[in-house]
Amino acid sequence: MLGRIAFLLLLVGLFGPEVQSAKVDDNQCGAFNEDQMLKQGPFAIPTEQQWVARIVYGKGFEGKIRDNGCLGVLVSKRTVLAPAHCFVQYNGVAEAFSVHLGVHNKSAPVGVRVCETDGYCVRPSQEIKLAEIAIHPDYDSRTLKNCLAVLTLQRDAKLYPNVMPICMPPPSLVNETLVAQTFIVAGLRVFEDLRLKTWVNTLSRGFCQSKVNTLVTSSNTVCGYHKNPVAYYLGAPLVGMQKNGHTTQNYYLVGIMIDWRWEKSRIMSSFLAIRNYMDFIQQNSIDLIVRS
């Protein structure tokens with residue numbers, strides 16, 4: 001019986017729905033698939049929300065960070081954005097030294113092809129060391145204002161269907177309101193292993209503060225409830241859908257999570273609005289992609 005089970009597991013590994021191995025175009029970003037977008041299940045498919053990055057710290061430092069970890073978002077082959085307070089604490093600079101890209105299961109070993117119990121066989125995740133961490137010059141560690149860091153990787157990320165940068169906000173949307181919109185947040189979860197996504201309905205800053213007065217907000221943030229009450233690591237990217245005529249052509253980056261709180265049985269999060277920091281990001285980045 002054990003031999004039969006082992007044989008069946010081998011067949012799943014060989015013939016399961018594997019994430020395609022072919023590389024993607026270097027100019028591709030924010031890949032959008034309508035079928036995937038509509039699915040709201042217990043995890044995100046490995047070939048969606050592929051810009052989520054896990055930040056790796058020196059041994060023991062995770063305990064100094066809320067929920068013992070942080071995420072970032074890949075915006076080019078060499079650049080990751082993340083919250084500044086994942087690095088600069090009251091006692092100085094964190095010992096972050098690399099990022100993991102293409103992580104579908106946070107418990108899976110890095111660099112190893114993994115077949116999950118959900119039937120997906122996933123390409124090995126990539127670990128890339130950091131070359132530089134640029135903290136926004138006006139970052140305030142007490143109030144978390146301007147809470148943004150730009151991470152430069154030591155080498156280019158290898159782009160595959162499970163690793164891809166997100167598109168940056170298009171100029172046409174710079175002056176559009178972020179309130180009363182429906183976006184998607186995706187990332188690794190605090191209490192579960194598999195990457196997940198959920199809808200976020202954005203609300204006015206005043207409303208968020210009236211419900212959760214401890215939530216960090218400012219004129220440069222947008223806040224809202226998660227459809228699914230699941231806690232993500234800080235830095236989880238919030239993305240919108242950019243349209244071309246009557247079709248959706250790609251996802252673009254709206255913000256990164258800098259705080260979240262429980263409000264009764266729901267989770268409310270605050271996201272730093274990236275469009276307000278484009279000058280700083282461009283000064284410290286390489287090969288950002290914007291879709292017209």
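Which residue in β12 does Gly-187 stand opposite? Gly-187 stands opposite Leu-196 in that strand. This is a predicted model, so to speak of local features a pLDDT of at least 70 is needed, side-chain atom pairs count only at pLDDT 80 or more, and totals for chains, interfaces and linings use all residues. Residues are numbered from 1 along each chain as its sequence is written, and side-chain values use heavy atoms, with hydrogens and water left out.

First, the overall picture. The chain holds four helices and 16 strands; both are DSSP runs numbered from the N terminus, with at least four residues (H or I) for a helix and at least two (E) for a strand. Of the 292 residues in the chain, 53% are buried. Here, buried means under 20% relative accessible area, exposed means over 50%, and partly exposed is in between (1.4 Å probe, protein chains only). The accessible surface of the chain comes to about 13,500 Å², and carbon and sulfur atoms own 50% of that. Such areas come from the Shrake-Rupley method with a 1.4 Å probe, and for residues only the protein chains shown count as cover. As for contacts (heavy atoms within 4.5 Å), take those between residues at least 6 apart in sequence: 72% of them join residues at least 24 apart.

Back to the strand pairing. Strand β11 covers residues 182-187, and five of its six residues are buried, so the rest of the structure largely encloses it. Two strands pair if DSSP finds at least two bridges between them. With β12 (residues 196-203), β11 pairs in the antiparallel sense over six bridges. β11 also runs antiparallel to β14 (residues 237-244), and two bridges join them.

Next comes a residue in a helix. Gln-36 sits in α2, which spans residues 34-38, and counts as buried because its relative accessibility is 15%. Setting aside neighbours within four places in sequence, Gln-36 is in contact with Ile-45, Thr-47, Glu-48 and Lys-197. With Thr-47 there is also a polar contact of 3.2 Å between the two side chains. A polar contact is a pair of N or O atoms within 3.5 Å; within protein, one must be able to donate a hydrogen and the other to accept it, and residues adjacent in sequence count only if both atoms are side-chain atoms.

Then there are the salt bridges, in which a side-chain nitrogen of Lys or Arg is within 4 Å of a carboxyl oxygen of Asp or Glu. By this rule the count is six. One of them links Arg-78 and Asp-156, with the closest N and O atoms 2.7 Å apart. Arg-78 lies in the loop between β2 (71-76) and β3 (79-82), and Asp-156 in the loop between β10 (149-153) and β11, so the pair ties together parts that are 78 residues apart in sequence. Arg-78 is partly exposed at 25% relative accessible area, and Asp-156 is partly exposed too, at 33%.

Another salt bridge joins Arg-261 to Asp-259, and here the closest N and O atoms are 3.3 Å apart. Arg-261 is partly exposed at 29%, whereas Asp-259 is buried at 2%. Glu-263 and Arg-266 form a salt bridge as well, their closest N and O atoms being 3.4 Å apart. Glu-263 is buried at 8%, while Arg-266 is partly exposed at 39%. Finally, salt bridges that share partners join Lys-77, Arg-78 and Asp-156 into one network.
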